[in-house]
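Thanks, everyone. I have one structure to walk through today. Let me put it on the screen.

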Amino acid sequence: MRNNAGHRYALKTSVTAIGLLLLMIAAGPRALTQQNQGSANDKELKLADLLKLPGKLLAEGKNTSPESQFKLVNYRVEELSLPRSMEVALRGQQVKVNKAWRVTLSGGPFPVRALPAVVWVDDRIVGLGIENERLSEITAITFDFSVIREGHTISLSYGEDKEGRVNLTEKLNLSRKGGTQ
């Protein structure tokens with residue numbers, strides 16, 4: 001009887017050890033990938049860095065009256081010169097960039113919702129919006145300048161709901177140029 005109990009214990013221990021070994025083997029490449037991604041991300045600029053970079057003013061809305069349910073007032077478009085080149089996914093391809101564009105909508109106070117704020121130019125998404133501390137501005141960053149088009153409508157939605165967008169009355173006017181802020 002002792003032999004059978006000993007064999008069962010040894011079998012259970014072996015099965016457990018094999019299971020743990022398989023789990024470690026399966027998790028190993030994933031853990032290595034995450035570790036490599038982490039070290040690559042250390043070299044990348046973070047969104048917070050892009051929000052703080054000084055920008056060259058390309059366009060600025062002149063409206064002063066709040067509009068719509070979000071009390072949108074105006075917009076600002078700035079060109080950002082990146083401190084170092086970055087590789088980003090753009091239109092399905094990995095490309096090296098050294099510029100970004102920051103689109104900021106002013107108004108509010110903007111509500112904080114479960115769905116992210118989305119900034120649009122006509123039917124193209126500029127990016128997900130980040131609210132400032134006072135909830136008076138929402139800023140989106142893009143690496144694709146082709147999204148920012150003269151004379152087109154800038155709008156805001158929560159989630160990617162095209163029908164739920166709120167438009168600024170004032171159109172994007174790139175001829176209103178400014179200097180470095």
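Of the 181 residues in the protein chain, 36% are buried. Buried means under 20% relative accessible area, exposed means over 50%, and partly exposed lies in between, using a 1.4 Å probe on protein chains only. Now the ground rules. This is a predicted model, where local features need pLDDT of at least 70, side-chain atom pairs count only at pLDDT 80 or more, and totals for chains, interfaces and linings use all residues. Residues are numbered from 1 along each chain as its sequence is written, and side-chain values use heavy atoms, with hydrogens and water left out.

Start with the elements. The protein chain has 2 helices and 8 strands. These are DSSP runs, numbered from the N terminus: helices are H or I with at least four residues, strands are E with at least two. From the N terminus on, the order is α-α-β-β-β-β-β-β-β-β. On to contacts, meaning heavy atoms within 4.5 Å. Among contacts in the protein chain with a separation of 6 or more, 63% are between residues 24 or more positions apart.

Next, the sheet. In what order do the 8 strands sit in it? The open sheet reads E1-E2-E3-E6-E5-E4-E7-E8, and the pairing is antiparallel. E1 (56–60) and E8 (166–167) are at the edges with a single partner strand each, so one side of each has no neighbour in the sheet. Two strands count as paired if DSSP finds at least two bridges between them. As background, strands of a sheet pair through backbone hydrogen bonds, either parallel or antiparallel.

E1 and E2 are antiparallel over 4 bridges. Leu57 has Glu78 in E2 as its bridge partner, and Lys56 has Glu79 in E2. Then E2 joins E3 through 13 bridges, again running antiparallel. Val88 stands opposite Val95 in E3. The two strands E2 and E3 form a hairpin with 2 residues between them, and Arg91 in the turn has a positive phi of about 50°.

Now E6, residues 137–142. Is E6 mostly covered or mostly open? Mostly covered: 5 of its 6 residues are buried. E6 pairs on one hand with E3 (residues 93–106), antiparallel over 6 bridges. There, Arg102 has Ile141 in E6 as its bridge partner. E6 also pairs with E5 (residues 124–131), antiparallel over 2 bridges. Ile130 stands opposite Thr139 in E6. The hairpin of E5 and E6 has 5 residues between the strands, and Leu135 in that hairpin takes a positive phi near 60°.

The largest pocket has a volume of about 260 Å³. It is lined by 13 residues, and those closest to its centre are Leu51, Arg102, Asn132, Glu137 and Thr139. For the method: on a 1 Å grid over the protein atoms alone, a pocket is an open set of points where a 1.4 Å probe fits, with protein on both sides within 12 Å along at least five of seven lines, and lining residues have an atom within 4 Å of a point. Grid points are joined across faces, edges and corners, and the volume is the space filled by probe spheres set on the points.

Which strand gives the largest share of that lining? E6 does, with 3 residues. E2 (74–90), E3, E5 and E6 each supply at least two. By class, the lining has 3 nonpolar, 4 polar and 6 charged residues. Nonpolar here is Ala, Val, Leu, Ile, Met, Phe, Trp, Tyr, Cys and Pro; charged is Asp, Glu, Lys and Arg; the others, Gly among them, are polar.

Aromatics, briefly. Rings of Phe, Tyr and Trp (its six-membered ring) pair if their centres lie within 6.5 Å; planes under 30 degrees apart are stacked, over 60 edge-to-face, the rest tilted. The count comes to 2 aromatic pairs. In one of them, the rings of Trp101 and Phe145 have centres 5.1 Å apart and planes at 40°, so the pair is tilted. Trp101 lies in E3 and Phe145 in the loop between E6 and E7 (154–158), so the pair ties together parts 44 residues apart in sequence. Trp101 is buried at 10% relative accessibility, while Phe145 is partly exposed at 33%.

Val166 is in strand E8. Val166 is buried, with a relative accessible area of 10%. Leaving aside neighbours within four places in sequence, its contacts include Gln69, Phe70 and Ile154. The C-alpha atoms of Val166 and Gln69 are separated by 8.0 Å, at 97 residues apart along the chain.
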